[in-house]
Amino acid sequence: MIGRVNRDIEGLLADLNSPQRTAVSHTEGPLLVLAGAGSGKTRVITRRAAYLACTVAKPSEVLAITFTNKAANEMRQRIIALGVGREMTICTFHALGARLLRIYHDRADLPANFTIYDTDDQRKVVKEAIEQAGLATTNWSPAAVHSTISRAKNYMQTAREFEENATDWFQRSMAKAFLIYDRLLTERGALDFDDLLLKTAHLLRIDEGLRRSLESKYRYLLIDEYQDTNEAQYVISHMLTREHANICATGDPDQSIYGWRGADIGNILHFEEDYPSAKVVRLEQNYRSTRRILAAADRVIAANIHRKEKTLWTENDEGPRVRVVECEDANEEAAWIAEQIERAARDGASLADLAVFYRINAMSRAIEEALLRAGIAYQVARGTEFYNRKEIKDVLAYLRLLINPADDIALLRAINTPARGIGATTIGRLRHHAVTAGIPLMNAAKQADSVPGIGRALARVRAFAALMEELDQLAGQPPRFVVEQTLRRSGLYAELNKEAEVTSSPLDNVNELINAAADFQRERPEATLIDWLEHTSLLSDVDSVESGRGAVTLMTLHACKGLEFPVVFMIGLEEGTLPFSRSGEANRSSIEDEEEERRLCFVGMTRAKRELNMIHCRYRMFRGVETRTVRSDFLRALGDDDIDRVNLSGEPSPHRKGSPFRGQLPDDIELWEVGSLVRHPSRGLGRVTLLRRGLKRTHVRVSFQDGTDQAWVLEFADLTRVDYDEVE
DNA sequence: ACGCCAGAAGTTTTT
DNA sequence: CTTCTGGCGT
């Protein structure tokens with residue numbers, strides 16, 4: 001027996017390089033693995049988890065936290081393949097939070113059946129909160145308020161604290177909405193995504209007994225993508241390792257791309273200060289990409305100032321040159337990619353080897369159309385989209401209401417879908433009754449008899465309440481069965497069948513939902529409806545990506561993190577798109593934002609194993625208007641040597657001298673000052689109100705004659721200075 | 001109560 | 001170019 005285990009341990013270390021081996025065999029105490037792109041990090045983590053389970057720990061004592069469910073599943077498969085039991089806990093921070101809060105709900109002061117609200121639901125609640133706070137939704141966009149709330153929660157700031165820190169009317173109003181938002185969630189027994197982390201972190205802080213017992217249960221903690229953890233996740237990981245300090249963080253500061261949602265790159269940069277006894281291992285040998293790809297990626301990332309120097313090297317061959325392609329517009333871009341893919345396929349490549357990355361989801365459309373036209377199979381990494389479909393949300397609303405009758409958002413969706421003749425007036429009356437009695441809408445519906453003025457609708461509301469009670473009898477059955485019965489008994493199925501003469505896709509989708517429930521049940525035979533709903537709420541976009549499906553993969557640059565493909569196409573290498581900036585808010589794009597964009601570009605480039613194509617268009621549609629673009633500064637960083645530059649649009653390059661779009665400061669820049677008169681081709685005459693010379697760019701703000709303001713990066717603004725005497 | 005139409009509004013990235 | 005909203009008509 002001992003002999004066998006020893007052989008296994010040998011096997012776990014056998015084909016690793018020296019730093020990898022150090023990381024895998026380090027068992028006790030804090031460990032930081034700074035793993036450059038393609039340096040075999042996944043291999044190290046899985047081996048290390050298995051190594052722990054073969055030497056110092058029981059599998060159930062190892063907790064591994066990954067960034068996505070997909071990563072968790074793959075890791076689990078690999079560990080099982082290494083011959084280690086299935087008892088290891090491998091999940092995302094959010095899933096861990098959901099699980100702990102579900103088990104220890106009474107300590108966390110939550111109902112056992114709490115619902116997890118998705119972005120859509122969260123926004124609806126925010127909207128209600130804004131209204132109840134007496135603010136106008138015209139001035140206070142739910143999306144903006146929501147993102148402020150979310151940001152605060154990511155920093156573990158409660159609504160109360162937010163209120164205490166509010167200095168002006170604007171912040172006090174925001175605090176008001178925040179407080180109401182949280183109250184509404186509580187009333188409905190609902191948590192948002194941020195709460196899953198926040199409440200878990202809070203629980204571990206206040207309940208020392210629980211913290212201790214969890215810490216000793218999970219004696220070894222592994223956290224992947226540590227550079228993308230936020231404050232709440234940081235607290236959770238520290239609470240779980242306070243005494244044994246067996247924390248292994250892996251990540252790469254150069255791949256930190258979630259700062260906008262509260263991720264703090266400082267967590268990984270200051271790991272050694274948090275754990276002075278930390279062992280630090282650097283993985284710098286890249287096994288993934290060709291030398292040329294690596295060199296190109298390095299040239300891009302090297303421009304970041306706030307950075308720990310790191311040298312990635314490889315023994316791989318040089319490979320073909322990186323290609324930079326200029327297209328006329330998005331259609332040409334898409335057509336060219338389709339053509340390249342066709343050719344690659346003819347040459348024997350598998351479609352699964354090819355991927356297209358873009359900065360924003362909206363950019364997938366043109367590519368999809370071109371691939372469709374060419375008859376090329378593709379998959380878009382947008383797993384959550386399926387669950388955002390109307391017909392799917394309709395079914396889920398019933399299920400959520402079954403689990404949690406206090407979920408008013410779910411009731412409002414289900415009560416008149418399919419149409420039962422319960423309209424706005426009746427719902428208004430139910431609402432009023434619910435608010436007066438301080439009860440959820442579902443209870444109000446059950447007491448419809450005592451709702452004043454309900455009239456003819458009484459019978460209909462009663463029928464709905466009866467339906468829910470009938471379904472409630474089934475709620476303990478396996479998910480698949482409940483889904484099916486809900487579809488049948490609610491009348492949704494009949495409705496979709498009727499519609500199917502026009503479009504069958506909604507019907508197909510709900511059937512797909514039944515399959516999804518069945519699959520889940522097969523994976524976890526003991527799973528309840530609650531488990532399945534939780535699972536569906538925590539799905540992420542990449543989770544739907546399957547390798548080996550024989551299809552080209554389309555995804556955002558954020559979604560591609562952690563993956564690799566032999567051939568990569570990156571599109572939209574244009575200022576404003578990559579790096580992304582919101583138009584008219586040039587003054588908001590800070591150095592930090594710009595560096596994060598550069599890291600995003602770096603992440604995309606380092607996914608490529610053999611061929612990397614970076615494409616930019618001279619024109620791109622923006623809100624239905626064809627807009628002139630400027631090549632991304634990231635392409636300039638690549639230089640000209642050793643790069644294949646392809647120009648598909650035969651026309652003269654627009655970047656010649658004299659063009660206002662050349663991305664250079666105007667020749668007479670020294671004459672520009674605040675107060676200068678300038679002319680813009682479409683906006684007319686204006687006056688410079690701000691001129692700020694940054695490290696790399698000059699920002700300018702202009703106030704026009706019509707009273708409007710506009711901010712630009714001067715290099716890219718189509719402005720010319722006008723002398724006073726010209727104007728008179 | 002519900003469907004249709006016109007007008008406005010809005011687009012990062014995600015658990 | 002879409003997607004959502006709100007108002008109006010049936």
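Around DNA strand B there are 24 residues, where a residue counts as near the strand if one of its heavy atoms lies within 4 Å of it, and the closest are Arg-359, Thr-425, Ser-540, Arg-582 and Arg-623. Sugar and phosphate make up 46% of the atoms of DNA strand B that come within 4 Å of the protein. The model is predicted, so that local features need pLDDT of at least 70 and side-chain atom pairs count only at pLDDT 80 or more, while totals for chains, interfaces and linings use all residues. Residues are numbered from 1 along each chain as its sequence is written, chains are lettered from A and ligands numbered from 1 in the order in which they are written, and side-chain values use heavy atoms, with hydrogens and water left out.

By class, the surface near DNA strand B holds eight nonpolar, 11 polar and five charged residues; here Ala, Val, Leu, Ile, Met, Phe, Trp, Tyr, Cys and Pro count as nonpolar, Asp, Glu, Lys and Arg as charged, and the others, Gly among them, as polar. In the side chain of Arg-359, an N or O atom is 2.3 Å from a base oxygen of DNA strand B.

Thr-426, Ile-427, Leu-430, His-433 and Ala-434 are the buried residues of H21 (under 20% relative accessible area, with a 1.4 Å probe and protein chains only). Their directions from the helix axis to the C-beta atoms cover an arc of only 125°, which puts them on the same side of H21. On the other side, Ala-424, Thr-425, His-432, Val-435 and Thr-436 are exposed (over 50%). Helices H20 (408-414), H22 (441-446) and H23 (457-472) are among what covers the buried residues of H21. Just after H21, Gly-438 takes a positive phi of about 65°.

Elsewhere, Ala-98 lies in helix H5 (residues 93-103) and is buried, with a relative accessible area of 0%. Leaving aside neighbours within four places in sequence, Ala-98 is in contact (heavy atoms within 4.5 Å) with Phe-114, Ile-116, Leu-196, Glu-534 and Leu-538. Ala-98 and Leu-538 are 440 residues apart in sequence, yet 9.3 Å apart in space, C-alpha to C-alpha.

How values were computed: Helix = DSSP H or I, 4+ residues; strand = E, 2+ residues; numbered from the N terminus. Polar contact = N/O pair within 3.5 Å; in protein donor to acceptor, adjacent residues only side chain to side chain.
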